[in-house]
Amino acid sequence: MTDIQNLIKKMSLEEKAALCTGAGPWTTTPVEHLGIPEMTVADGPHGVRRVEDINDFVSASIPATCFPSAASMASTWDVDLINKIGEAIAEECIAQEVDVILGPGVNMKRTPLCGRNFEYYSEDPYLAGEIAVGFIKGVQSKGVGTSLKHFAANNQEYQRSTINSAVDERALREIYLPAFEAAVKEAKPWTVMCAYNKLNGTYAAENHRLLTEILKEEWGYEGFVVSDWGAVHDRVEALEAGLDLEMPGPRERRVEAVIKAVRSGELDEAVLDESVRRILEIVFKAAVTKKGGSFDAAKNHALARRAAGEGMVLLKNNGILPLKTQKNIAIIGRAAQEAYYQGGGSSHINPTQLDNPFEELQKLAGDAELSYAEGYPMDESFDQALIDQAVENASTAEVALLYVSLPATKESEGYDRPDLDFSAHQVALIKAVTAIQPNTVVVLNSGAPVVMSEWIEGAAAVLQAWMMGQAGGGAIADVLFGKVNPSGKLAETFPFKLEDTPAYVNYPGENGTVRYGEGIFIGYRYYNAKEVPTLFPFGYGMSFTSFDYQNPKVSADNFRDVDGLTVSVEVTNTGEIAGKEIVQVYVHDHESKLARPPKELKAFAKVDLQPGETKTVTVSLDFRAFAYYHPSYQQWITENGEFDILIGASSADIRCTETVTLQSTLELPSILNRDSTLREWTEDPSGMNVLAPLYQQIHEQMLSNFSENDSAQIGMDPMGFLLDTPLLNLLHFFGDGLPSSPEEMVDDLLAKVHSTD
Ligand code: BGC
């Protein structure tokens, strides 16, 4: 094993500074005479984008398997499968001499407009964290590194390089950080990539609190932090904040700035040494894995097909699917000939092969006759003749399969979608075809939700196929013909309309800042709390079979937070064919000091069941499943009381509820302060203890000052008003009759309260 400390001692200041900035767009700086190799990174996260010319940003990339996009992967809710994809991507990295793959991305889907949502997993931090853990563990089990990105609060592409995400502490801790936290703690990614944007006024790259205090100190992160490409503004400040490696390189001026800062004493060399240490640990770890060779493209294509099938979500089905006996099938829509399988930007893969959806249908269609009509033009223009042709084909067929995709560049890194719509032409096409052919199946290719209200009524079935990767054409055919029983469920809510979405009034921000005004209420947390109806709720997805939930059990009715809880339920496949069910466990807190969402996902399991088969699904809920982040205590807290354990098939389809009582083991200090109201004093046990005699006086005085008649005069209950007034203000009211100044009295009471902490 390399003695890193010794190596650092041997390195010159120039060499250390150079190591902390890339040598090229995708490589780190080697130091040959000390045997420090260069390390190569390549984009992910849906496959390897290893450019042919390693010194070029966007030269053609070497063919690699294009797996389904992250949105599709998350819809599988299958951590083991995602783990296998991670392993396969690592094998391709090894063959292409790549040390670290730049993914996964775990930013929350705050708004469905974010151009990069296809690259992210979910609107739910728990689900995103679990999927990321599966992916990272898969890749790293083969000796290849990952880069968990984009840390943090990069939830829109609009002004991504400069926008200030203004996020309150609670939302940050409960929504925007937990997927990163879970991935860091459970899967230990070799690298974490900081975001472009500012978080609460400071660029992520220069954000000491984020990179050092939270990531490295609080979570115990041991790898290194890499900048997003070009995200650093001040190299010295970034190093001090905990940004170890700046990418891309070369950037001579940056290296010089670091050398100068150390020489002038502005930068402590120990800070530089720490970043060098972190980078070297990973560089040498990566070097252990022997690179080269080839990978099994056919095997990985098959895995991509399986994953695409598992991620597809059957949104609607009146029984037309799976297709059985139809002999005359009209295939309509360009997406049937030109697979819409990945999004735009750095994740774009050069696939090893690409399924043609039409041809794949043909392979499974037996002796059925398939016609094809283009349906809609490539751009957003209107061409009635295309609709007429589609209608003609549909009218003479037994069933129409309508493949619709968003325009190729609408979903991309670098900008957001302006709307959630298909083109006017596509909507007119769907309406015309469904009007003439009641047996119309709409196959949707998009990386994120589209609105459907105008046409969904007329469709016999709707399949959300996502950006499905290179083998998606075959996977669609598998599902339509019932070779694969759909089992994907939505990892994000599909709204009726854009105006319903949680961030609508705060997006995209103005004057350089986007305020996360909805706080912790994103995704289903918002729709549930506001009772806003949705087109399809979080966690929703249909199957060709049906499942029954029976016999829910919890390990204890009363339990201590630190002991957690085990929850089980028996799930039976009550239909005729094998299928998979995703059992979701949500937690609902009956009462809490701070507002909580009506329900939050805290566990899930995917179970494979033969017809008639029953399996017991068991999941565990730990301390965090019941806790929330309290900004005043600056920690996750639990409170005594009742919780509902909601076991369901989706966030809107709860099948069993168990009520349990939690005993908190926390002994929290009092958070009373000079601004605390009378109510806060009375609700704080030690506060009420020391306040009791004075409280009695206040109460009596109020009663004598205000007769019932007085209350009626001003139409107010004086005690109600008093309770929400700070104790200090109240004492000022009593003025001269007090033994000492109100400030002294409150400080004295506070001292007594805090002496018992
Ligand atoms: C993206 C990253 C990507 C990097 C390298 C950036 O623009 O935000 O996700 O890994 O480029 O291509």
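**Entry 1: Pro-685**

I looked up Pro-685 and found it exposed, at 69% relative accessibility. Pro-685 lies in helix H20. I take helices (H or I, at least four residues) and strands (E, at least two) as DSSP runs, numbered from the N terminus. Pro-685 and Ser-670 are 15 residues apart in sequence, and their C-alpha atoms are 8.7 Å apart in space.

I note here that the model is predicted: local features need pLDDT of at least 70, side-chain atom pairs count only at pLDDT 80 or more, and totals for chains, interfaces and linings use all residues. Residues are numbered from 1 along each chain as its sequence is written, and side-chain values use heavy atoms, with hydrogens and water left out.

**Entry 2: the largest pocket**

By class, I recorded nine nonpolar, nine polar and seven charged residues in the lining of the largest pocket.

The terms are as follows. On a 1 Å grid over the protein atoms alone, a cavity is a set of points where a 1.4 Å probe fits but cannot get out, and a pocket is an open set with protein on both sides within 12 Å along at least five of seven lines; lining residues have an atom within 4 Å of a point. A volume is the space filled by probe spheres set on the points, which are joined across faces, edges and corners. Ala, Val, Leu, Ile, Met, Phe, Trp, Tyr, Cys and Pro count as nonpolar, Asp, Glu, Lys and Arg as charged, and the others, Gly among them, as polar.

**Entry 3: cavities**

I searched the whole structure and found three cavities of 30 Å³ or more. The largest cavity holds about 90 Å³ of space. Of its 14 lining residues, Lys-109, Thr-111, Pro-112, Glu-123 and Thr-493 lie nearest its centre. The lining of the largest cavity divides into five nonpolar, five polar and four charged residues.

I checked the length of helix H4 (residues 79-95): its 17 residues should span 24 Å at 1.5 Å a residue, and its end C-alpha atoms are 25 Å apart, which agrees. The expected span is 1.5 Å times one less than the number of residues. Twelve of the 17 residues of H4 are buried, so the helix is largely enclosed by the rest of the structure. Among the buried residues are Leu-81, Asn-83, Glu-92 and Cys-93. The buried residues pack against helix H3 (70-76), strand S2 (100-102), helix H5 (125-140) and helix H12 (297-311). At the start of H4, a side-chain oxygen of Asp-78 comes within 3.2 Å of the backbone nitrogen of Asp-80.

Just after H4, I found Glu-97 with a positive phi of about 60°, although Glu-97 is not a glycine. Glu-97 is in the loop between H4 and S2, and is partly exposed, with a relative accessible area of 42%.

**Entry 4: Asp-355**

I located Asp-355 in the loop between strand S10 (328-332) and helix H13 (357-364). Asp-355 is buried, with a relative accessible area of 6%. Its contacts (heavy atoms within 4.5 Å) beyond four places in sequence include His-301, Arg-305, Glu-360 and Ala-471. Asp-355 and Ala-471 are 116 residues apart in sequence, yet their C-alpha atoms are 5.3 Å apart in space. The side chain of Asp-355 also reaches the backbone nitrogen of Gly-474 at 3.0 Å.

**Entry 5: Thr-29**

I found Thr-29 in the loop between helix H2 (13-19) and strand S1 (41-43). Thr-29 is buried, with a relative accessible area of 15%. Its side chain reaches the backbone oxygen of Ala-18 at 3.0 Å, and a polar atom of that side chain lies 2.8 Å from the backbone oxygen of Thr-21.

**Entry 6: cis peptide bonds**

I noted a cis peptide bond from Lys-149 to His-150, with omega near -5°. His-150 lies in strand S3 (residues 145-151). Another cis peptide bond joins Met-247 and Pro-248, with omega about -5°.

Technical notes: Buried means under 20% relative accessible area, exposed over 50%, partly exposed in between (1.4 Å probe, protein chains only). A polar contact is a pair of N or O atoms within 3.5 Å; within protein, one must be able to donate a hydrogen and the other to accept it, and residues adjacent in sequence count only if both atoms are side-chain atoms.
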